[in-house]
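Subject: Structure handover

Dear colleague,

I am passing on the structure below, followed by notes on what was found in it. Please read them with the coordinates open.

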Amino acid sequence: MPELIILIPILLIIFLALVGGAYFLRRSGSKDTELEPRKGDKDVTLPSDSEEEVSTEQPKKAQPEIVLEGKPSFFERLSKARSAFSGYLGDLVGVSKVNEETWEDIEDALIQADVGVSTATSLLEDVRVTAKEREVESGAEILELLKERMNSELAGKDRSLTIDEGETNVWLFVGVNGVGKTTTIGKLGRRLVSQGNKPLMAAGDTFRAAAAEQLTMWAQRCGAEIVRGSEGGDPSSVVFDGVAAAASRGCDVVLADTAGRLHNKANLMEELAKVRRVAAKDKGHVSEVLLVLDATTGQNGLSQAKIFAEAVDVTGVVLTKLDGSAKGGIVFAVESELGIPVKLVGLGEGAEDLIDFDPQEFVAALFE
Ligand SMILES: Nc1nc2c(ncn2[C@@H]2O[C@H](COP(=O)(O)OP(=O)(O)O)[C@@H](O)[C@H]2O)c(=O)[nH]1
Ligand SMILES: [Mg+2]
C-alpha cells in the first residue's frame, strides 16, 4: 500500500507532464502555423521589394527620357508633318502595281505636304527614272525610292554655324514679324553659353520696345551680354554698338536681332542691307546671316524667303514651329528652290527646343 501511495503521485506527475507536453506541442505547432503567414508576408514583401527595385529602375530609365525632353527629337515633335507624309503616302504600301493615277496621287500628296509643285515634280521625275531602271513597280518599293531621293536631296550640305576664332563674329537674324527671330536668338544664346562661348545680344529690332524687353529677358536667363538702343532708333547703330561692346568685353559672337516690319517692305530690305554692311565694319565679322522662317506658313514663307535672300546674303535658314501645324515639306522647297541649307529647326517655345537640322533623322521621322 505504501508503494501505491508513492506510485499515484508519480503517475499523476507523468500524466500532468504528458498533458502539459501535448499542450506545449500544440502551442508551438500553432506558432508554426502563425509563422507561415509571416513567411507568406515575407514572400509578399519580397516581390514588393523587388517591385521597389523595378520602380527605382524606372526613374533611371526615365532619366534619358528627361534628357530627350530637354533636347527634343523630330520623332517626338513632328506630329502634323508626320501625319501629312505617312498619312498621304502610307496607303502606297498596299498598292501592288503603281499606275499613272498613283503617280499623280503621290505628287498631290507631296504638294499638300508643302513640298511645292516644282520640287515635287522634279523629285518624282527622278524616282520614276530609278523605278524603271530597277524594274520596281510596287507601292512599297516606290515609297522606299522616294525616301531615298528625299534623303539625297538634303544630303551633303554644310549645315554648321561658323564661329571664326579670334574674330568678333556677327550672326544676323532676319525674317518677317512673328517667325521666331528673338526666340531663336534666346535659345542660341543659351546653347552658346553652355558651349563656353561668350555671346552678346544686340537688340536691333527697334521697331517695338517690347522686342528689346523680350531679348533682355532671354539674355538675363542665359547669362549673355546685351546691348539695346532706344525705341524707333537706328537698328544699324545698335548692331554697330553691339559689335564694339562685344570686342571690348571679349565676346566672340554677336547675336543681332532685327525688325521684321518697317513702314514698307522696300524700306525693310534696304535697312537690312545697311545693317549687314554696318555689322561688318571695324571689328565686326559677319559669319552667318540666318533667315528665320515659320514652317507653318508653307509656300508663303518661301516667297518671303526669296525677297530676304535677294537683299542680304543668307547663309542658312532657321525653320521654326515645325512642332506646330507645319507639314514639313517646306524643308525641301527651301533647300531646292532657294539653295539655302536649313541649319537649325525650332521644335517648341522652350529654351531647349532648338536643334541642329539632321536631314536623315528628319526624313525617317516623316515616315515613322
Ligand atoms: N511652337 C513654337 N513656337 C515658336 C517657335 N519659335 C518661336 N515661337 C513662338 O513664336 C512667337 C513669335 O516669336 P518671336 O521670337 O517673338 O518672333 P520674332 O517677331 O521673329 O522675333 C512667340 O510666341 C514664340 O514663343 C517654335 O519653334 N515652335
Ligand atoms: Mg522679335
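A residue is called buried here if 20 or more other C-beta atoms lie within 10 Å of its own, and exposed if 12 or fewer do. Please keep in mind that this is a predicted model.

Helix α5

By that count, the buried residues of α5 are Thr119, Ala120, Leu123, Leu124 and Val127. These residues sit on the same side of α5, because they cover an arc of only 115° around the axis. On the face turned away from that buried side, α5 carries the exposed residues Val117, Ser118, Glu125, Val129, Lys132 and Glu133. The cover over the buried residues of α5 includes α4 (100–112), α6 (139–154) and α12 (330–338).

The length of the helix was checked as well. α5 runs over residues 117–133, and at 1.5 Å a residue its 17 residues should span 24 Å. The end C-alpha atoms are 24 Å apart, so the two values agree.

Apart from neighbours within four places in sequence, valine 127 is in contact with Ile142, Leu145, Leu146 and Arg149. Its C-alpha atom is separated by 9.7 Å from that of glutamate 144, 17 residues apart from it along the chain.

The loops on either side of α5

Most residues other than glycine have a negative phi. Two exceptions are worth a look. Aspartate 114 lies in the loop between α4 and α5, and its phi is positive, near 75°. Glutamate 135 lies in the loop between α5 and α6, with a positive phi near 50°.

Which of these is buried and which is exposed? Aspartate 114 has 26 C-beta neighbours inside 10 Å and therefore counts as buried. Glutamate 135 has 7 C-beta neighbours inside 10 Å, so it counts as exposed.

Ligand 1 and helix α7

Ligand 1 has 19 residues around it, and those that come nearest are Gly180, Lys181, Thr182, Thr183 and Gly346. The shell divides into three nonpolar, eleven polar and five charged residues. Which helix gives the most to this shell? It is α7 (residues 181–195), with three residues.

Eleven of the 15 residues of α7 are buried, so this helix is largely enclosed by the rest of the structure. The buried residues are Lys181, Thr182, Thr183, Thr184, Ile185, Gly186, Lys187, Leu188, Gly189, Arg190 and Leu192. For α7, too, the length agrees with expectation: at 1.5 Å a residue its 15 residues should span 21 Å, and the end C-alpha atoms are 21 Å apart.

The nonpolar core

The largest nonpolar core has 94 residues. Those with the most contacts inside this core are Leu172, Met201, Ala202, Val254, Ala256, Leu291 and Leu319. For alanine 202, leaving out residues up to four places away in sequence, the residues touched are Val227, Val238, Val239, Gly242, Val254, Leu255, Ala256 and Asp257. Among these, Val254 and Ala256 are also in the list of residues with the most contacts inside the core.

Regards

Technical notes:
Residues are numbered from 1 along each chain as its sequence is written. Chains are lettered from A and ligands numbered from 1 in the order in which they are written. This is a predicted model: local features need pLDDT of at least 70, side-chain atom pairs count only at pLDDT 80 or more; totals for chains, interfaces and linings use all residues. Helices (H or I, at least four residues) and strands (E, at least two) are DSSP runs, numbered from the N terminus. The expected span of a helix is 1.5 Å times one less than its number of residues. The arc is that of the directions from the helix axis to the C-beta atoms. Two residues are in contact if their C-beta atoms, placed from the backbone, lie within 7 Å. A residue is near a molecule or strand if its C-beta atom, placed from the backbone, lies within 6 Å of it. Ala, Val, Leu, Ile, Met, Phe, Trp, Tyr, Cys and Pro count as nonpolar, Asp, Glu, Lys and Arg as charged, and the others, Gly among them, as polar. A nonpolar core is a set of buried Ala, Val, Leu, Ile, Met, Phe, Trp, Tyr and Cys residues joined through C-beta atoms within 7 Å.
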